[in-house]
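Work through the exercises below with the sequence and the model open. Try each task before reading its solution.

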Amino acid sequence: MIDGGGVQRSDDVIRWFFAEQRRQSTSRRLARLERAEADLRLCLERFAGELLTRQELALLALERQFVPEGAVARIAGVDAVLLLLPIYLDEPRYHGEDLEDRKLRIRLADAMAREVLRVPALREPAIARAAWIVDAAVQHATWLYRQEREASRDW
């Protein structure tokens, strides 16, 4: 489980979560997980301006001077993961290569949101609202996935 002590960063959560997923995976699933994590990090980079506070954006500018790759994830708080997951589920560019990728990413987003909510320091109304939004996004993405799967069977 994610450690509740201290301030967690998005990078900590993403790294821990995907490491846990890899432990119980086949080689085929490992490749899918690698792509899913890379796309989640890419999504975080792309939407940094909307997700980060002014203070975090100032820190990001400094961090990028030293180690640009992965800087957003190292600066963004763990709550940014919850804010990001609905975008990750909604944007077609992050759906993966096929329906199996899509299915995996929906399940990962749901599981990741649940893990973040287990952190005692994050139990506040704003975080709970973000989690409800993730839950709604997961339900919508699941419905869309089923529609796509049915449409592909008709071919």
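## Exercise 1: a helix pair

Helix α2 (residues 27-46) packs with helix α7 (residues 99-117) at an angle of about 65°, their axes being 10 Å apart. The axes are lines fitted to C-alpha atoms, for helices over the stretch in contact, and angles run from 0 to 180 degrees between N-to-C directions. Helices (H or I, at least four residues) are DSSP runs numbered from the N terminus. The model is predicted: local features need pLDDT of at least 70, side-chain atom pairs count only at pLDDT 80 or more, and totals for chains, interfaces and linings use all residues. Residues are numbered from 1 along each chain as its sequence is written, and side-chain values use heavy atoms, with hydrogens and water left out.

Task: find the handedness of the crossing of α2 and α7, and the residues that meet there.

Solution. 
- Step 1. The crossing of α2 and α7 is right-handed; that is, the near helix is turned clockwise from the far one by less than a right angle.
- Step 2. From α2, the residues are Arg-29, Arg-32, Leu-33, Arg-35, Ala-36, Asp-39 and Leu-40. They meet Glu-100, Asp-101, Leu-104, Arg-105, Leu-108 and Met-112 in α7. Contact means heavy atoms within 4.5 Å.
- Step 3. Sorted by type, the residues of this contact are six nonpolar, no polar and seven charged. Here Ala, Val, Leu, Ile, Met, Phe, Trp, Tyr, Cys and Pro count as nonpolar, Asp, Glu, Lys and Arg as charged, and the others, Gly among them, as polar.

## Exercise 2: helix lengths and buried faces

Task: compare the span of α1 with the expected one, and locate its buried residues.

Solution. 
- Step 1. Helix α1 (residues 10-23) has 14 residues and reaches 20 Å from its first C-alpha to its last, close to the expected 20 Å. The expected span is 1.5 Å times one less than the number of residues.
- Step 2. Buried in α1 are Ser-10, Asp-11, Val-13, Ile-14, Phe-17, Phe-18 and Gln-21. Buried means under 20% relative accessible area, exposed over 50%, and partly exposed in between (1.4 Å probe, protein chains only).
- Step 3. Down the axis of α1, these buried residues fall within an arc of 165°, so they line one face of the helix. The arc is that of the directions from the helix axis to the C-beta atoms.
- Step 4. They pack against α2, α5 (71-75), α6 (79-90) and α7.

Solution. 

## Exercise 3: single residues

Task: decide whether Glu-37, Glu-34 and Glu-97 are buried, partly exposed or exposed.

Solution. 
- Step 1. Glu-37 lies in helix α2 and is buried, at 11% relative accessible area. Not counting residues up to four places away in sequence, Glu-37 touches Ile-14, Phe-18 and Arg-22.
- Step 2. Glu-34, also found in helix α2, is partly exposed at 41%.
- Step 3. Glu-97 lies in the loop between α6 and α7 and counts as exposed at 62%.

Task: describe the surroundings of Val-72.

Solution. 
- Step 1. Val-72 is in helix α5 and is buried, with a relative accessible area of 0%.
- Step 2. Beyond four places in sequence, Val-72 touches Leu-44, Glu-45, Ala-48, Leu-52, Leu-60 and Arg-64.
- Step 3. Val-72 and Leu-42 are 30 residues apart along the chain, and their C-alpha atoms are separated by 9.7 Å.

Key: Helix = DSSP H or I, 4+ residues; strand = E, 2+ residues; numbered from the N terminus.
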